[in-house]
Amino acid sequence: MFGNTRSLAFLISLFTFTTSVAFSQIERATVSGNVSESSGKQGIPAAYIVVIGNESKGTLTDLDGNYSIELPAGRITLRYKSVGFLSTEETFDLKPGDKLVKNILLKQDVVNMKTFVTTAGKYEQNIEELTVSMDVLRPNIIENKNTTTINDALQQVPGVSIVDGEPQIRSGSGYSFGAGSRVMILMDGLPILSGDAGRPSWGFLPVENIEQVEVIKGASSVLYGSAALSGVINIRTAYPRDKPQTKVSVFSGIYNNPQNKDAIYWGSNNPGYTGLNFFHSQKFGNLDLVVGGNAFYDAGFIGATPVNVNDTTFNPYAEQRGDFENRVRLNASIRYRSKKVEGLSFGINMNGMLSRSASSLIWMNADSGMYRAYPGSNTLTVQDVSYVDPFINYTGKKGWNHSLKNRWFHLNNDNDNNQSNRSDVYYSEYQVQKQIASGYNFTAGVVHSYTNGISDLYKGNLADTIEAQASSSNRNIASYFQVNKTFFNVLTISTGARYEYFNIQSPQVGDTMQARKVEEGKPVFRAGANLKLAKASFLRASFGQGYRFPTIAEKFIRTAVGPIRIYPNDSLKSETSWNAEIGFKQGFKIGNFLGYLDAAYFIQSFQDNIEFNFGVFGPPDPNQLFGLGFSSLNIGNTEVKGVDVSLAGQGKIGKTGIALLAGYTYTLPVALEPNLPYPVKLEGKQLTYAWSSSDSSGYLLKYRFQHIAKADIEFTRGKWSLGFSARYSSFMKNIDRIFEDLDLYLAILQQPTPGLKKYREENNKGFTIFDARLSYQLSDVVKAAFIVNNLFNEEYTLRPMSMEAPRTTAVQLSVSF
């Protein structure tokens, strides 16, 4: 009996299930198709398709603009929308079981500002809707200025300074001998700072394939982690369009004679540079391919230490020079868009470079030797650097996007002065994201990063007699989320949080000592709002916390360059900060020229601020400069506040095309505890930040420019283009006093004296640098250009005792088809 009952119940359940499934299938319908630009030649990826009246129901297009959405039968209206395009709506009368195909063409929105970015929220947004300050460096500046490394172009971004290769945003950091960064550098959203020192290799970054560079100003640790304490620089490369694209450019230039004729060491044989860039992108069915590369030779303008004062010989092939670079770089990106699984793509990005270069820390002297290296201060480096980035991305029919990005980043600096270092970074990030056209975006992710560093430099407090290289490692694990929501199409609220865990292992040389591990973790939060006051007027406010754990180099570096000695600090603590700002953005249109004016007041407060500082850290040995040197220290609480103004736009006024990027930044960076004792004394006297400063008035932080003004403008008419750049930096008031006192100590040791103190007294008004460029379109595919940098041949320094290049003149020939 019970068996028959169970059989009957089973049959009834099976009938009910199959009937309900069949009924549900009959009562539903499917709409699919493609969303493209108005020309119909280019699909729009990540376009929104949502149901009017039920905005939580929707989907996104895939990389080719294809979409498919399952809907209930009946009368349904869909809205199609993408950033930078005018939305459109379509109404369908769906019958059960219908499978309709509807292709949509979206027109570009030429009324609103046309700058779209991804860095602020890890998804595409209109720059006017952001809750943080951001500037965008477009590829026209990079290409037309004949930029050989991306850091040269970044000097044109308002509020940004690159001092001896180290990025600063709004005076958030000073000079640190290449160890530690408060600005996160990203290549396509993944970190590209060296794992051991936190320093970028600018020549490694591909200038030949840049879609745009996005610069966030202010704490961005919630989305990007430890190094994003003061901001983010994200270099975005481009994937292929439907039409194949090829670019090749060759260039050659020379360094002109400086104004100081006594400093010319090359006679009539001026040093020069030459190079080649190439790039090709193409779609092969569902396969996207990008290849590019660069070959560059630069004889440099810093000569070797002279044998005698009358030595004016110049050998462009001598490796004893203070400055030169030879490099070859190749990169490739491959992406496959699955035919079988809708919304699935995967691929790999690769980049590799071999280079041979020299660099010098300080000049010979401030007069005839300003373009020569001090004895023992130049370093010859053979570098190999590469990354391999496998990735997979999937967007489901309900609009959830899942991505897994990985990067193996290898860096090996083989130096000639016992300063070699090698690091490998293994980075992985899983991210999930949901976008809905009603203005809601949810982003969350987990990150794991492991770095292994091996170096002559990172011996920490191990005995100097140990000749073997030391190894050290660190690990970072983090999770984060951020939510953006737009209310009533006028108010955008953004909030997010991140938890970071770090550990670092002290140096170990074989079995010399047992490695010690230091570990800690901390949460950070952010929030922001953007209010649309009028059609093109936006008011924003934001608050964000930051947290930075010291790098391997900051804690364990021990080395000497010329007379300068660097000491480790195993007890260095992590630093934290908070950043707040209020800003206003006003869009405008003149003819077909679209632009915006942005102004912001900001304040950033640091706790346990890490600065690279002068003090007494070694034994009082005359051969070791009496124990004087540099080390990374926690100097207590500091603060940076100021005003940042940007003006940007592009388009046409009449028949003339115009591209503009300009800005002014004022900062007041101060040490709030300038008399906090250092952990060392000099002849019984307690050392402090104020004591180590060349100018302690106002307790300004070191190596900062308080006033920075920049502008770049380019005019295009017919086949001609004419561009100008200008950069003003005020006098760097405060540096480490040892640089000005170095003459005294070196005179005691009967060594050459650099003469910095006198140079700073005579050059205390800041400097302005002008560049100019002129190009002519010879044909539809060929363009010739003439570029002059440092037009008026100014002699200036960004970092003490390191002279920048004199005027350079170059010619460039570009082919694009």
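Tutor: Helices (H or I, at least four residues) and strands (E, at least two) are DSSP runs, numbered from the N terminus. What you see above is a predicted model: local features need pLDDT of at least 70, side-chain atom pairs count only at pLDDT 80 or more, and totals for chains, interfaces and linings use all residues. Residues are numbered from 1 along each chain as its sequence is written, and side-chain values use heavy atoms, with hydrogens and water left out.

Student: OK, big picture then: what percentage of the residues in the protein is buried?

Tutor: The chain folds into 7 helices and 47 strands. Call a residue buried under 20% relative accessible area, exposed over 50% and partly exposed in between, using a 1.4 Å probe and protein chains only. Of the 817 residues, the buried share is 56%.

Student: And what share of the contacts with a separation of 6 or more links residues 24 or more positions apart?

Tutor: A contact here means heavy atoms within 4.5 Å. Take the contacts with a separation of 6 or more, and the share from residues 24 or more positions apart is 67%.

Student: Let's zoom in on Thr656. Which side chain does the side chain of Thr656 join in a polar contact?

Tutor: Thr656 sits in strand S38 (residues 656–671), and it counts as buried because its relative accessible area is 18%. Leaving aside neighbours within four places in sequence, its contacts are Gly651, Phe715, Thr716 and Arg717. A polar contact is a pair of N or O atoms within 3.5 Å; within protein, one must be able to donate a hydrogen and the other to accept it, and residues adjacent in sequence count only if both atoms are side-chain atoms. At 3.3 Å, the side-chain partner of Thr656 is Arg717.

Student: Now S36. How many of the residues of strand S36 are buried?

Tutor: In a regular strand the side chains alternate between the two faces of the sheet. On one side of S36 there are Leu628, Phe630, Ser632 and Asn634, on the other Gly629, Ser631 and Leu633, and both faces are covered. For strand S36 (residues 628–634), the buried count is 7 of 7.

Student: Which residue of S36 is the bridge partner of Glu611?

Tutor: Two strands pair if DSSP finds at least two bridges between them. Strand S35 (residues 610–616) and S36 run antiparallel and share 7 bridges. Within S36, Glu611 is partnered by Leu633.

Student: What do the buried residues of H6 pack against?

Tutor: Helix H6 (residues 737–748) has 12 residues and spans 17 Å from its first C-alpha to its last, close to the 16 Å expected at 1.5 Å a residue, where the expected span is 1.5 Å times one less than the number of residues. Its buried residues are Ile738, Phe739, Glu740, Leu742, Tyr745 and Leu746. As for the buried residues of H6, they pack against strand S32 (564–566), S35, S36 and helix H7 (756–762).

Student: Which residues touch the most other members of the largest nonpolar core?

Tutor: A nonpolar core is a set of buried Ala, Val, Leu, Ile, Met, Phe, Trp, Tyr and Cys residues joined through side-chain atoms within 4.5 Å. In the largest one, with 73 residues, the members touching the most others are Trp363, Tyr371, Tyr458, Phe630 and Phe739.

Student: Which element gives the largest share of this core?

Tutor: Phe739 is one of the buried residues of that element. With 5 residues, the largest share of this core comes from H6.
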